[in-house]
Amino acid sequence: MAGGGFVATGPVVQKNYAGGMTLYVLVTCIVAATGGLLFGYDIGISGGVTSMPPFLKKFFPDVYKKESTAKPSNYCKFDSQILTSFTSSLYIAGLVSSFMASATTRAFGRQKSMLLGGSTFLAGAAVNGAAVNVEMLILGRILLGLGVGFSIQCVPIYLSEMAPPRLRGALNIGFQLFLGIGVLAANLINYRTAKIKNWGWRLSLGLAAVPALIMLVGSFTLPDTPNSLIERGQMEKARAVLERIRGTPDVQEELQDMVEASEMSKTVKHPFRNIFRRKYRPQLVMALAIPFFQQLTGINVIAFYAPVLFKTIGFGSDAALLAAVILGVMNLASIIVSIFIVDKLGRRALFLEGGLQMITCQVLIAVILALKFGDNGMSKGYSSFTVFLFCAYALGFGWSWGPLSWLVPSEIFPLEIRSAGQTINVSVNLLVTFVLSQVFLSMLCHLRFGIFLFYASWTVIMTLFVFFLLPETKNVPIEEMTRIWQEHWFWSKMNLDYSTPAPAPAHEPFKSSSLQDHQKNLELVENGIPNSTNTQQPK
């Protein structure tokens, strides 16, 4: 049993709203999920171009010289802080833009944030493709980072808010699916452009414009989510969108829950301050821990530097790029598997199984490198088995910590702190990614095979964290998610009370508990009649 006894003290009450999956919501979520292409393409393209000799010779001649000459240790031949700055500068820019994206998403809606993200990523692709010096490269990376920050802040929230509760997991994983497609596409492009002498790297970097254009054009066709429209006072438009995405006019119950959540959110004027209140402690812990742990699986730094890593353990340049392509195929295949099983098996089961699979692979990789890898490389048989272990590791990540690290944080926050919570989730993810990508090559040089034991140790910790502290969220409506914390064996001890919102500001004329009351009070206020929601009327 996957720790079922630790999940809750009672059953979570689930609501069955009218309507279900429609072609419109499916197409809408697919278009929105293409925002994952931006992040995925960048992850895949960076490591590929940094393994191309013409690119290194032009921008990083010291690294090129180090790689071309014999060194005491194969582990250290790519160790360069300037080279890692090229990769990691994007994530600091993304970290900064995620805070701007939070305010934009809350004030102007999810769709406008996606438009802005696609635009800045497109500009970054143009600058990088035309780069003539390191400064231009890093400027382009910063613009790409701004685009990534906006897209990964708003796309997971958009998907969770548009999806029917029973299919929220599958549709939200569309973001990770397109991220995987982006990684694979970048690896395939690198494999081909590496054969183009002198300027192949320009094509790899410039083609980042393609996913940017896909997201940019697609965003123009998207409606905003009902939750966001209600939050901004567009009630009739919200109802129309909800009826269309659910395929039925019978949306009163779900709309009423959204209105109540929106009214509660309006009492919270400072979401970043309120998220630290005791009642939101479980969500805050998850927003900090899940993205932190995701990066400490080691997946992103391995994806960034896969070609470099495979060259380090003895593959030739073309073979290293091909091995990275194989790794991308395995990752994408596992994401597709997770789409079909996440709403059946649940989040916890996939987290736990994936964690155990990654631990096993990381330990075995470390043992093989410790025993069989020397300055003369490694035999073909052991090299092939190492690639197999990397693929098994990618499979484990692809159906667990990969998609679920975006899905779970996007579905657990109440509306009043949803943008702030997603910003914290994205910021932690990008900050840890920046630090690890900046130090990975240096760690590889100094820890050698021990770097995989380092990541395996963290994977043990995060698997235990999920086992004891993460409740199951499958099939729970997003506006009813607070119940899972009140019924969890550990979090319930904090006496969490979500029934009473924070006191409303004095200038706020009313607070209703239903859609009908909300509309009635609006009419009363507009006609100059005092609100009587809490006044007993004579019979």
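## The nonpolar core

A nonpolar core here is a set of buried Ala, Val, Leu, Ile, Met, Phe, Trp, Tyr and Cys residues joined through side-chain atoms within 4.5 Å, where buried means under 20% relative accessible area, exposed over 50% and partly exposed in between (1.4 Å probe, protein chains only). This is a predicted model, so local features need pLDDT of at least 70 and side-chain atom pairs count only at pLDDT 80 or more, while totals for chains, interfaces and linings use all residues. Residues are numbered from 1 along each chain as its sequence is written, and side-chain values use heavy atoms, leaving out hydrogens and water.

The largest such core holds 134 residues, and F39, F55, F60, M286 and W401 have the most contacts inside it. Skip the neighbours within four places in sequence, and F60 is in contact (heavy atoms within 4.5 Å) with F55, I82, L83, F86 and L137.

## Cysteines

Taking a disulfide as a pair of cysteine sulfur atoms within 2.5 Å, the count is 0.

## Around T221

T221 sits in the loop between α10 (209-220) and α11 (226-231). With 58% relative accessibility, T221 counts as exposed. Its side chain reaches the backbone oxygen of G218 at 2.6 Å. The C-alpha atoms of T221 and V31 are 8.6 Å apart, though 190 residues separate the two along the chain.

Terms used. Helix = DSSP H or I, 4+ residues; strand = E, 2+ residues; numbered from the N terminus. Polar contact = N/O pair within 3.5 Å; in protein donor to acceptor, adjacent residues only side chain to side chain.
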